[in-house]
Amino acid sequence: MKKLSTLVALALLVSVIPAQAPKTVSKYGASGPITASRLKSHLEFIADDLLEGRDTPSRGLDIAALYLAAQLKLWGVKPGGENGTYFQTMSMTVPKLDMANTTLKVGVNTFRAGTDFDAYLPASNISGQIEYVGHGMRILSKGIDPYAGRDVKGKIVLILPVLPKGLLADELFAGKIPDAEWPNQAAGKLGAKAIFIVRVDGASPSISIGGPVPNVILRPSALAAVMQGEAVSADELLRRAREQDPGASFSLTADKSATLNITAAQQTLRYKNVIGIVPGSDPKLKEEYVAYGAHYDHVGTHGEGPGDNIFNGADDDGSGTVAILEIAYALAIGPRPKRSSLFVWHAGEEKGLWGSEYFVEHPTVPLGNIVAQLNIDMIGRSRSPGDLKPANAALADQNSVYVIGSRMLSNDLGNTIVAVNQGMSRLKLDYKYDDPKDPEHFYERSDHFNYAKKGIPIAFFFNGVHEDYHQVGDEVSKIDFLRMEKITRTVYGIGWQVGNTVARPKLNKSLN
């Protein structure tokens, strides 16, 4: 993938010139300004390599925030952040990896973090012999146990970032196999001291990273030292990984041990929500707000070196980011509903809904004046006819969208969504994930949830997960912009209707 030059990046900041206000207005507003081409123009910037995956915090996320603010200012959207700005700044002190003092020793060779390997907290100082355990997963109900007959207690396990052969990713990620243990769970339960993961270009190690057991990703130089003199070479392990066939477990030679020292330091993280307001047209109702939300962060980058290592997040949630940006544009150039429109681009969603949690605890408008919150998180992908890939089984088709939580707090809001959709786009509204027994728990997994916890009616629009969810393949080239336009226009129409109806959406009587 090519990187934008600085001049091109700066040009994009002022590339979208406002159009004249539309003359024709229906009962659903004037969504004509929202087009696939405009959505694509924004997303090509937001999901470019220049922004380095928009991790929270990061330079790339700050660039995205400046881009959003520049567009809002250009269109005359009022700042809704702190001190007359478009920003709400947050900070927290957390541990970080002290790379200069984090080392790995194998035999007589000492390796450095960030050069020869990537390490993850918690801090630790351990030594141990090494056991190769293939994919490192354990699913006893299916007879999958690479640890069988092996004692890994007090040792370091070496794994490949692959899934067990014959198992569908959808089964594992959707929690359909209750006794499935990921490597960090299985190794930790069996007493392993650390997990070494072989770095494989094009494969995501995220299936293994996490938990209380220290994790290390071995780059080629460290992997070569670990496998030197073994019956199975480093090249053979890489071949097995590429072919998704890890082979049998084995013990490395008795004199092969490693010493890992992971050191932590403290850091203060600063990051921003981006907030804009389009005032309503009614002297009284403009004190109330219809809120639109999306998270503009993603998961950053992984490692360095050859190959694509940037998680661009075009769908997650570049699609929602630019969708509410274009809704703001349509409302800014007019006409405007009676209520005001509040736009919040949340940071840190991928870290645990940080930005939305902070906003509802430190609102920049009276929280009780927000009558509804419409959240868009992933509306850019659709399942093509004939796509039989298991990883895309839950992806909505070109004429569908998942709607989550629209009646959880207010039947009025749910009914409005149905009526507007029927009058506008006639999308198939899929309520699959409204089931309280939904193993994915999507209702609790995006920013709308923090608004719902404050008693604000919400609706979450979503296309479902797909093969590129949290992978480097989540690229602009795979976005279905016509479907994205249709959903964005529909959410605009819903917000317009809520913003123009004198009575705010009534809360369900069953709420405590």
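My entries below go from the whole chain down to single residues.

**Entry 1: the whole protein**

I noted at the start that this is a predicted model. I then looked up the secondary structure and found 13 helices and 18 strands. Next came the radius of gyration, which is 25 Å. The globule rule gives 24 Å for 512 residues, so I wrote down that the protein is as compact as a globular protein of that length. Along its principal axes, the C-alpha trace spans about 80 × 45 × 45 Å.

I also asked how much of the protein is buried. Of the 512 residues, 55% count as buried. Then I looked at contacts between residues with a separation of 6 or more, and 81% of those join residues 24 or more positions apart.

**Entry 2: α11 against α13**

I turned to helix α11 (residues 411-423) and helix α13 (residues 481-500). Their axes come within 9 Å and cross at roughly 125 degrees. That angle makes α11 oblique to α13. I noted the crossing as right-handed.

Which residues make this contact? From α11 I listed L413, T416, I417, V420 and N421. From α13 I listed T490, G493, I494, Q497 and V498. Sorted by class, the contact of α11 with α13 has five nonpolar residues, five polar and no charged.

**Entry 3: α2 against α13**

α13 has another entry, this time with α2. The axes of α2 and α13 are 9 Å apart, and the helices pack at an angle of about 105 degrees. Angles of 65 to 115 degrees count as roughly perpendicular, and therefore α2 and α13 are roughly perpendicular to each other.

On the α2 side I found A36, L39, K40 and L43. They meet F481, L482, M484, E485 and T488 in α13. The contact of α2 with α13 has six nonpolar residues, one polar and two charged.

I picked Q373, which lies in strand β15 (residues 370-376). Is Q373 buried or exposed? Its relative accessibility is 0%, so Q373 counts as buried. Leaving out residues up to four places away in sequence, I saw that Q373 touches A291, Y292, G293, H346, H448, Y451, I456, P457, I458 and A459.

**Entry 4: A265 and its neighbours**

A265 lies in strand β12 (residues 264-278). I found A265 partly exposed, with a relative accessible area of 25%. Apart from neighbours within four places in sequence, A265 is in contact with V94, P95, K96 and D98. I also looked up A123: it is 142 residues from A265 in sequence, yet the two C-alpha atoms are 9.3 Å apart in space.

P33 is found in the loop between α1 (6-13) and α2 (36-46). P33 has 14% relative accessibility. Buried means under 20%, so P33 counts as buried.

**Entry 5: backbone details**

I finished with a few points along the backbone. The peptide bond from L121 to P122 is cis, with omega near 20 degrees. P122 lies in the loop between β5 (117-120) and β6 (124-132).

R54 sits in the loop between α2 and α3 (59-75). Phi of R54 is near 50 degrees, a positive value in a residue other than glycine. R54 counts as buried, at 0% relative accessibility.

H470 is in the loop between β18 (458-462) and α13. Phi of H470 is also positive, near 55 degrees, and H470 is a residue other than glycine. At 22% relative accessibility, H470 counts as partly exposed.

How values were computed: Residues are numbered from 1 along each chain as its sequence is written. This is a predicted model: local features need pLDDT of at least 70, side-chain atom pairs count only at pLDDT 80 or more; totals for chains, interfaces and linings use all residues. Side-chain values use heavy atoms; hydrogens and water are left out. Axes are lines fitted to C-alpha atoms, for helices over the stretch in contact, and angles run from 0 to 180 degrees between N-to-C directions. Helices (H or I, at least four residues) and strands (E, at least two) are DSSP runs, numbered from the N terminus. Angles under 35 degrees count as roughly parallel, over 145 as roughly antiparallel, 65 to 115 as roughly perpendicular and the rest as oblique. A crossing is left-handed if the near helix is turned anticlockwise from the far one by less than a right angle, and right-handed if clockwise. Contact means heavy atoms within 4.5 Å. Ala, Val, Leu, Ile, Met, Phe, Trp, Tyr, Cys and Pro count as nonpolar, Asp, Glu, Lys and Arg as charged, and the others, Gly among them, as polar. Buried means under 20% relative accessible area, exposed over 50%, partly exposed in between (1.4 Å probe, protein chains only). The radius of gyration is taken over C-alpha atoms; the globule rule is 2.2 Å times the number of residues to the power 0.38.
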